[in-house]
Amino acid sequence: MAAKNLLDSRKGRLTSFGLLYVSEGIPYGFTSVAMVAIMRIEGLTLEQIGMFVAALFVPWSFKFAWAPLIDLVKLNRIGGRKAWIMGCLVMMIVTLVTTALVDFVENFRLLIAMIVLNNLFCATQDVAIDSLAVSTLKEDERARGNGFMFGGQYSGIAMGGGGAVFVFGIWGFDAALFYVSALQFLCLLLVIFFVTDPRAGEGAEIHAGSVLRKFAETLADFLKVVYTSFFRSGRSPRIGLLFSVLPIGALVLAYAALTTIQVDYGFSEMQIAKISVQNTIAGALGCIVGGLLADRFGIRRMLGIYYIVSVLPGLVLATYITDVGLTAVPAAIVWGSLVVHGFLYGLCFGTHAAVFMGMTNPAVAATQFTTFMAMGNLVISYTNYWQGIIAERFDYATVLYIDALLIIPPLMLIPFLRSREEELGLATSS
C-alpha cells in the first residue's frame, strides 16, 4: 500500500512545509548558536567567530546564481524536487557531522570551508522547497503556508541552537551532535515516506550534455530580467537595491554576539540555552506584530520607528559595559537586553521583507524578490565579519555604539522606498 502524500490535503501541505522549514532551521541554529557557544568556550577569538558566522551566510547571499539548476535538472525519474530535498538533507547531515568533528583551533580554515559547504546544501534545499511550495500551495492558503514555513524555521533554530546547547550542557558535545543529526534524520524520513512531488514523472529529462548549455541560456535570461527589473522599472527598485545592502536595524545582538556575549559574561550552558530559545520566540512574535502594525499604520513610518527602537537594548547594554565592564553588568540587564532585542529585530525583519515585496515587479517576482533577500544575507555576513574584528580589538561596547550609528544610512533611504503602486501613480500623474 502506497504511503499517503501529505501534499494532497490542505492540512498536510501546511504541516509538511512547516516541517520542511524546520529542517532548514536546525542546522542554522546549530552552527550559528550552539557551535558559536562551543567555539567561544573552547577559546576561539571573537574575530575567528565573526569570520565563521560570516562564512555561514555566503551561500545564502548567492543562491540565486545556481537556483536555475532546480528547474533545469528536474530529476523526475527519481522523485523530482523530492530528490533534490532528500539529497540536500543527506549532505547537510554528512557535512554537519564533519564540520562538528573538525578541530577548531588546528584546522580553522577547514572549518570555514565545511560550514560554507553545509550551507550550500541548505540554501539549495531552500530553493527546492520554495519551488515545491509555489506549485502546490493553493491561492487561498499561501499566506498561512508561509506563516507555517517561517514558524517552522524559527522552531528549527530553537531546537538546533538553544536545544543543542541544553543537551551539550548535560551530556556533552557528542550527545549534542547526535541530537541534531537525529532531528535531521527524522525530517529526512518525513520526506521519504510522506512527501511526493506532483510533477515527478512528468516531462522529458534534459540530457546531461545539454544541461550546461541550458543553464548558460537561463542564466543569461536571468541577468537580463534582473537588470530590467532593477534599473528600468522606476527609481524605487534602484533605491531598494541600495537599501538591501545596508543593515536591517541594529544587527549585532541578532547573530554571533548574541551567543559570545553570554559566554564571556559567564552564563552557564543551561542559561545560554534558555536565552537562545526565548530570543527566538521573541523574534517570531516580533515578525508577526511588526507586520500587523505596519499594515495598519504604514510600512515606511513603522519601519523607521522599528529601526530606531532596535538600537535601544544595545545602547543600554553598551552603557553598562562602559561604566562597569561586561562581567559586572547585572544579569537581568544582559538577559533582558538580548531577549528584548530579539523582539525588536523581529519587528524590523518582517517589515523589511514587506518593503521589497511591495516594490517587486509581479512579472518577475521570484527573481527580483530573491535577489533583494539574498542581499540581506550578504549584510548579515559582512556585519558578523566586522563586529568580530572590532570586538576582539576593542570591546563589545564599541561594537554596539558603531552598530547604532550604522542605522542612519538606511533610515535616510526609508522615505524613498515606494511601492510599485505608488510608482505607477507618480508616473501617471506626471
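Let me begin with a definition: a nonpolar patch joins side chains of Val, Leu, Ile, Met, Phe, Trp or Tyr that lie within 5 Å, from residues with over 30% relative accessible area and no salt bridge. Please also bear in mind that this is a predicted model.

With that definition in hand, consider the surface. V90, M91 and V94 make a nonpolar surface patch of about 210 Å². M91 sits in helix α4, which covers residues 81-101. Its relative accessible area is 31%, so M91 is classed as partly exposed.

I turn now to the packing of the helices, with helix α1 as the point of reference. Helix α1 spans residues 10-41 and packs against helix α7, residues 173-194, at an angle of about 165°, the axes being 9 Å apart. Angles over 145 degrees count as roughly antiparallel, and α1 and α7 are therefore roughly antiparallel to each other. The crossing of α1 and α7 is left-handed.

What angle do the axes of α1 and helix α5 make where they cross? The angle is roughly 165°, and the axes of α1 and α5, the latter being residues 108-136, come within 11 Å. Here too the description follows from the angle: α1 and α5 are therefore roughly antiparallel to each other. In passing α5, α1 again makes a left-handed crossing.

Next, the charged pairs. How many salt bridges does a search of the whole structure find? The search returns two.

One of them joins the side chains of D264 and R40, at 2.7 Å from N to O. D264 belongs to helix α10, residues 256-265, whereas R40 belongs to helix α1, so this pair ties together parts that are 224 residues apart in sequence. Are these two partners buried or exposed, or something in between? The cut-off for buried is under 20% relative accessible area. R40 has a relative accessible area of 19% and is therefore buried. D264, at 23% relative accessibility, counts as partly exposed.

The side chains of R81 and D197 also meet in a salt bridge, with an N to O distance of 2.8 Å. Since R81 is in helix α4 and D197 is in the loop between α7 and α8, the pair ties together parts that are 116 residues apart in sequence. R81 is buried, with a relative accessible area of 3%. D197 is likewise counted as buried, at 2% relative accessibility.

The loop between α7 and α8 also holds P198, with α8 covering residues 208-231. P198 has a relative accessibility of 45% and so counts as partly exposed. Where does the chain bring P198 and L7 in relation to each other? They are 191 residues apart in sequence, yet their C-alpha atoms are 8.4 Å apart in space.

A further pair of this kind involves Y401, which is placed in helix α16, residues 396-405. At 33% relative accessibility, Y401 counts as partly exposed. Y401 and T319 are 82 residues apart along the chain, and 9.1 Å separates their C-alpha atoms.

To close, I would return to helix α1. This helix is roughly antiparallel to α7 and to α5, and it contributes R40 to the salt bridge with D264. I thank you for your attention and welcome your questions.

Terms used
Residues are numbered from 1 along each chain as its sequence is written. This is a predicted model: local features need pLDDT of at least 70, side-chain atom pairs count only at pLDDT 80 or more; totals for chains, interfaces and linings use all residues. Side-chain values use heavy atoms; hydrogens and water are left out. Patches are made of residues with over 30% relative accessible area and no salt bridge: like charges are joined within 9 Å, nonpolar side chains (Val, Leu, Ile, Met, Phe, Trp, Tyr) within 5 Å. Accessible areas come from the Shrake-Rupley method with a 1.4 Å probe; for residues, only the protein chains shown count as cover. A salt bridge is a side-chain nitrogen of Lys or Arg within 4 Å of a carboxyl oxygen of Asp or Glu. Helices (H or I, at least four residues) and strands (E, at least two) are DSSP runs, numbered from the N terminus. Buried means under 20% relative accessible area, exposed over 50%, partly exposed in between (1.4 Å probe, protein chains only). Axes are lines fitted to C-alpha atoms, for helices over the stretch in contact, and angles run from 0 to 180 degrees between N-to-C directions. Angles under 35 degrees count as roughly parallel, over 145 as roughly antiparallel, 65 to 115 as roughly perpendicular and the rest as oblique. A crossing is left-handed if the near helix is turned anticlockwise from the far one by less than a right angle, and right-handed if clockwise.
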